[in-house]
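Visitor: Could you walk me through this structure and tell me how you know what you say about it?

Guide: Gladly; let us look at it together.

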Amino acid sequence: MSAVVGHCTADAAGTVTFELAGAREAAGTELVLRRRGGTTPADEVRLPLTGPRAVLDRATPLAEGRWDIVHVAEAGDHDAQPVRPGTRDVRALVDRVPGAGPVTVRVPYPTADGRLALRCWVRAPHAEAGAIDLADGAMTLRGVLYGAEAGDGAGVEARRNASRDAGSGTAVAPRTHRVPLTGGADGAFSFTLPYEELAEPAMTARQLWDLWLLPGHGADPVRLSRILDDVWDRKSIHVYPAYRADGWLAAPCYSADNNLHVRLDPRD
Amino acid sequence: MLRDGATTAPHPAAADGAARACGGTGRSPAYSRSSLTRETSQPMHISFLLHNAYGVGGTIRTTFNLTRALAERHDVEIVSVFRHRDEPTLSPPEGVLLRHLVDLRKNSPDHDLGHPDMARPATVFPRGDGRHKQYSRLTDTRIAEHLRSLSADVVVGTRPGLNCHIARQTGRGPVRVGQEHLTLNTHSHRLRREIAHRYVLLDAVTTVTEADARAYRTRLRLPGVRIDAVPGSVPEPTVAPADSAGKWVVAAGRLTSVKRYDLLITAFAKVVAARPDWRLRIYGAGDATGNERDALRALIDERGLYNHVQLMGTANPLEPEWVKGSIAVVTSSVESFGMTIVEAMRCGVPVVSTDCPHGPAEIIEDGVDGRLVPVGDVDAIAGGLLTLIEDDELRRRTGLAALKSSARFDPARIAERHEALYADLVARGRNGGRRETVLGTVRRGRGLLLGGAHTVRELAAAAVRKGRTA
């Protein structure tokens, strides 16, 4: 196991400064970032090490995804060593308000198997989900839209993809349900989605609905997600109570990618 | 290693102990103590006995901090009873020799798995110690061989079971010190009896609070055993201090009932009612003694706090999490010491804590560098939090005071206090002083008593019972 530990500091604009420790015998020349599942040259970024330090500049483009971080002892070396996560000072990411331009998020995080990685999101436009109020079998979400303006006919669509019901084996048809969006100042928006519109009688398996914001007629839909802080996977952190109806349960939830969903489960 | 904190005046609450250890001028940081005799300038060989240096936990962290600081001047080793992995999980202290007595690594050529003595219950390691099941006849002999042949100046035990081993099996020579990382009160009756019986043959016991040192002095009859309180240590954080601007309260600890996070969540509902712009993060997971996560989750839902209170899971290290907050909170019913309080303060985060036994009141000066509130009082917890939430300047000032006063827990300064104690005991031993006489008396006395109506064990048990009702 590599003894190299990577401490890092992230600023709100997207610059991440890495500082390696414990790399005495292998001082290293480069820190290499590789996008998981990536195959193109743009999926590898090499950062020169100056002493123990390497800087990922905000201007260096990184595609959305999970980037593994490895440490190369000699230039051109392909036997890269993983970097263990050290102290991650990411306080600047908490309650972040992004500047103009595409919303770029870079959160250094420890993987489950103890390696340092970087979670990146690049969204233009971006619909940030905020507080969710739950009442009367409906969820009301307040959020902020960046890089687009909600106009006439703006709405939110809950979309269920085609799938196969794991319980009964029957095909589940794709479905879409739309509710109106209420716009406010500085991109603020809210909408209310009653669960009953999504539920169906005789449900036998879990259904996940994606949520998309449609800024106006003809505009591209924007995925609702929550990425403007230091939480790289909020699936089990931002958890909401389920509404219990006759035959089904419903609750908003986040995926490991921080996308917002509505989850419907059959009720025994 | 001269730090700002090393030359500042000791905190009033620690003045007693600090004065004894740092009685010098503070001119040169660690070793210009006028109160210590020339013997202290001699490096000592100090041997720590630890349950498992390869795991994670407060005692391991504290021992690593202490030995790292002591190793700057002394010959220090950590003897780990068990070894279950190749490398320690926590960063091991530089310059400290680490060795083990029982090897539990499957892939190790010298492993002890399957040794017949491992299946036989330990007789020397006391049953009252919660780790008894992990000990065996094999550890009895391995620890005995180690202690009998040990030629150190000082041997230090880090949990009651190991302190009993040291009391019973250390050969002539090393000064015997037993560390108490928990408290006498929280031990079972059975373990207290064992302690009362065995610790008579130690030279010193160190507790982490003055409150617990008082308990050891008043509830047990340990003639000639020096009992000193030396708090736990927390290194200077590697992150810059918090700036008190964010609207976050942070709590961290195991999700077990003793931490009373249920009270915290209930109190936070009152905070949110007054200040809905503030939120709470709770770091930690359950442990072998329990996991409150589901119950806390349900309470958050019941109170409608899902937008305001998040259970974050574990984080390591915690420092970068503390600095995301502007206030830290501790609602425990008991804290042996209160390491998390010191950690948060060292990050410049003021702490609102219950005034529970034993540590918080020895760490926080109420109204100056934090807040102490009554145990179990939801309104008081909410009130303490709101006092700091509603007053930005008070919060900033309290955080700065916390940063300053918590420097007294720096490992270098805490190590000085242990070092002074060890040097003192070694010096007395060399001069044929107190220790030999006392041990001689005890050993003679024990022989007499064993032949008489009462055994030492019975007398010790009586002392415990007496202390209990006192």
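Guide: We begin with pLDDT, the predictor's confidence in each residue, from 0 to 100. This is a predicted model, in which local features need pLDDT of at least 70 and side-chain atom pairs count only at pLDDT 80 or more, while totals for chains, interfaces and linings use all residues. Residues are numbered from 1 along each chain as its sequence is written, and chains are lettered from A and ligands numbered from 1 in the order in which they are written.

Visitor: What pLDDT does chain B average?

Guide: Chain B averages 86, and 83% of its residues score at least 70. Over residues 1-40 of chain B, though, the pLDDT is below 50, and this stretch has 55 contacts in the model beyond near neighbours in sequence. Two residues are in contact if their C-beta atoms, placed from the backbone, lie within 7 Å. Residues 443-458 of chain B also stay under 50, with 8 contacts beyond four places in sequence. For the complex, the predictor gives an ipTM of 0.94 and a pTM of 0.85.

Visitor: How many helices and strands are there in chain B?

Guide: There are 17 helices and 13 strands. Helices (H or I, at least four residues) and strands (E, at least two) are DSSP runs, numbered from the N terminus.

Visitor: How do you know that the span of helix α3 of chain B agrees with its 13 residues?

Guide: The expected span of a helix is 1.5 Å times one less than its number of residues. For the 13 residues of α3(B), residues 58-70, that should be 18 Å, and the end C-alpha atoms are 18 Å apart, so the two agree.

Visitor: What makes A:D230 count as buried?

Guide: A residue is buried if 20 or more other C-beta atoms lie within 10 Å of its own, exposed if 12 or fewer, and partly exposed in between, with C-beta atoms placed from the backbone. A:D230 has 21 C-beta neighbours inside 10 Å, so A:D230 counts as buried. Its place is in the loop between β20 (222-225) and β21 (243-244) of chain A. Not counting residues up to four places away in sequence, A:D230 touches A:V90, A:L93, A:V94 and A:V107. A:D230 and A:D95 are 135 residues apart in sequence, yet 8.4 Å apart in space, C-alpha to C-alpha.

Visitor: Why is α3(B) called mostly covered?

Guide: Of its 13 residues, 10 are buried, including B:I60, B:F64 and B:L70. The buried residues of α3(B) pack against β1 (45-52), β2 (75-83) and α15 (411-430) of chain B.

Visitor: Which residues of α4(B) are buried?

Guide: B:T139, B:I143 and B:L147 are buried there. They cover an arc of only 55° around the axis, which puts them on the same side of α4(B). That arc is taken over the directions from the helix axis to the C-beta atoms. An α-helix has 3.6 residues a turn, so residues three or four places apart point the same way. On the other side of α4(B), B:E145, B:R148 and B:S149 are exposed. The buried residues of α4(B) pack against β2, β3 (97-103), β4 (154-157) and α5 (160-169) of chain B.

Visitor: What makes a group of residues a nonpolar core?

Guide: It is a set of buried Ala, Val, Leu, Ile, Met, Phe, Trp, Tyr and Cys residues joined through C-beta atoms within 7 Å. The largest such core has 113 residues, and B:V154, B:A251, B:V349, B:V351, B:L385 and B:Y422 touch the most other members. Its largest share, 9 residues, comes from α15(B). This core draws at least three residues from each of domain 1 (23-233 + 412-469) and domain 2 (248-409) of chain B. Domain bounds come from an automatic or database domain assignment.

Visitor: How many residues does the contact take from chain B and from chain A?

Guide: The contact takes 15 residues from chain B and 14 residues from chain A. On the side of chain B that touches chain A, the elements giving two or more residues are α9 (293-302), β10 (309-313) and α10 (319-322) of chain B. The largest share of that side, 3 residues, comes from β10(B).
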